[in-house]
Protein chains: 2
Amino acid sequence: MNIRGLAQHLNLSIGTVSRALNDASDVSDATRRRVIEAAARLGYTPNQSGRSLRRGRTGAVAFILPVTAESGAYGDPFFLSLMGGLQRHLEQAGYELIVLPVRHDQDELEHLRRSLGRGIADAWLLAEIKRHDERVELLSARQLPFVAFGRTGNPSGYPWLDLDFQQLISTAVSRLLGQGHRRIALITPGLDVNFSSIVIGTYREALEDAGVPCDDRLIYVGDIGPTACAAATNGFLDLNDPPSAIFVMSENGPIGVYAALRGRGLQPGTDVAVIGSRNTPSCMALDPPLTCFSVDLHGLGEALGSMLLDVVAADGAPEGRPGLLWPFRLRQGASDLPDDSKC
Amino acid sequence: MNIRGLAQHLNLSIGTVSRALNDASDVSDATRRRVIEAAARLGYTPNQSGRSLRRGRTGAVAFILPVTAESGAYGDPFFLSLMGGLQRHLEQAGYELIVLPVRHDQDELEHLRRSLGRGIADAWLLAEIKRHDERVELLSARQLPFVAFGRTGNPSGYPWLDLDFQQLISTAVSRLLGQGHRRIALITPGLDVNFSSIVIGTYREALEDAGVPCDDRLIYVGDIGPTACAAATNGFLDLNDPPSAIFVMSENGPIGVYAALRGRGLQPGTDVAVIGSRNTPSCMALDPPLTCFSVDLHGLGEALGSMLLDVVAADGAPEGRPGLLWPFRLRQGASDLPDDSKC
DNA sequence: CGGTGTTCCGTAAACGTTTACGGATGATGC
DNA sequence: GCATCATCCGTAAACGTTTACGGAACACCG
């Protein structure tokens, strides 16, 4: 069902039908109603290729979504929830969200180039930003509207939104300090992960501000799977002066920490305080309930959608758009009770 | 950078450039090389709108992905891993995978109509198929190429792939029977979930085949969140003759089951056997390790990709394509040891 | 009644590709 | 040397839409 067929059916010209359906100026109310009614009745929907060929834009925003390549592993459900809010916000503005999955074992720059070439969207959303990210450079160089979820090492000259890891760490550490802990261990991923250096820096600052000496033996940087975190915990406990609290910047890491503590006959939350970073389903299954942080993913998606719409509206005027930090919320569990006996 | 610009740059006609880049017949090797080299050098990528307007097809497959609408909840990471295999398979055939998220609180039929109208893909992949699914009917009626991941109550006349729940249940029940259990409880979601009736039916058959009487008080049908599963477990344990084994058709349900057992001083895997359905991260965090089932998600994605390519190739000849059942694999843990004392 | 607007609609030219068709060129066979 | 043929390339018509432009019809005002 073309626009031509619709026009013939209505004894109107193609142009009039198009105007009636789109801009709605220069067309009488009577015919507009007639056209809209007939379009609905005949099931006419404008061909997207023709439309976006003629106009310069597609009415869609593309989200480059990293997915796992391995067979057994699950992906990060974080993004899935984010997509709900993002899609809702874009939908309200008449935009469509399309997601382009890219596997971790793919050349992501090449993938982005191909996707850009398809010209499938008016704006682009990048995730899992690296400290030095060629995709950000590519999009900046081509002056294409995009938003980065995450930030590079030099986060200026492009719009980004990132989680406020600084707030996360300082909240966790000051909470533990407030509970009387003085030896607080830190488990955080390798420095190739963008936020890890922020984590370490903020951790050091927070201790310093409180006048608590920082012991490098209490900092573990590396693989943050459950087993690696268990090993790290055992390493902490082997020290002459073991920590009384452990902050774990990892999704499934707290599971390993709990296991290692129990392996030594220690009870999380009673003998050693534990605070995790995110309320993943696996961490919510722990007993005693893990004190950790959550993110308003829906709101986060909506904020990203809003930024994307801004960026696509202000085409070619990317100035003055600052980066945004998105807060974590503390979810109090029972794993970080103060352990006064150790102070 | 148009094809016109490229042609002018090469002193060739537009048609020749197009042929050189596409079909590659009727063009000499020398010029073809020259064109390809120049296209790469000038960064030319054919405009997708123009291309798919002229040809009837887009070279893409669309995956209608259900995402959560609530703010706190995470989505199902199941699909994320599936997308990796799907994308790889399609990529190898020169197809692109685009994902269209649809929120659970949206009118999914209306959303599908809009998406179809955009004509953005050559084939469609549906997920979370309902027992009576209007989307399947819509796509069938319009003769559009699609594949259903899941199946309706009457799974014929369209290509589908579904998980083999029957195999899952019969494997679990016969395993428990083989371990000597005679009173096996079942926790399964409400009958609005498509596979739940299959689960119950197969459970009954398996018991009947083994000559074990089926006690309806050992079947719980309803909400399968952790707390609901804990309540169901407590209900089982309140019986005069409580079960010695529990099969939980739920993702996070085993967490609640473990908690309820421990609340009564019972040790999972020692006092009561527990088998779960899926190896979600939350279940893998349990101690003792949960015996459950896993799915080769990558292979599943590739199988879906293969079916999609078949469907898009055999346009208008949808006959003879049977449904496919995808197997579960048992992952032995330590939660289903035989409890001979109770037999 | 002429002039000036306003309202509504048709005309046609784009947007960037692909592809059927034909023509030019050169090679080959007789 | 002429006919035949293969090889390569240019021409132009589509694909379905949007939109600038102009024109027809009509109202209004002096």
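This is a short tour of the structure above, stop by stop.

The model is predicted, so to speak of a local feature takes pLDDT of at least 70, side-chain atom pairs count only at pLDDT 80 or more, and totals for chains, interfaces and linings use all residues. Residues are numbered from 1 along each chain as its sequence is written, while chains are lettered from A and ligands numbered from 1 in the order in which they are written.

**Stop 1: DNA strand D.** Select DNA strand D and the 28 residues that surround it; a residue is near the strand if its C-beta atom, placed from the backbone, lies within 6 Å of it. The closest are A:Ile3, A:Gly15, A:Asn47, A:Gly50 and B:Gly15. Now colour helix 2 (14-21) and helix 4 (48-54) in both chains, plus helix 1 (3-10) of chain A: each gives two or more residues to this surface. Helix 2 of chain A gives the most, five residues. Helices here are DSSP runs (H or I, at least four residues), numbered from the N terminus.

**Stop 2: the two copies.** Show chains A and B together. A rotation of 180° with 0.0 Å of shift along its axis superposes chain B on chain A, with RMSD 0.1 Å (least squares on the C-alpha atoms of residues with pLDDT of at least 70 in both). That is the relation of a two-fold axis. To find the axis from chain B, pick B:Ser282, whose C-alpha comes closest, at 1.7 Å.

**Stop 3: around B:Leu125.** Finish at B:Leu125. Leaving aside neighbours within four places in sequence, its contacts (C-beta atoms, placed from the backbone, within 7 Å) include B:Val61, B:Phe63, B:Phe146 and B:Leu304.

Technical notes: Two residues are in contact if their C-beta atoms, placed from the backbone, lie within 7 Å.
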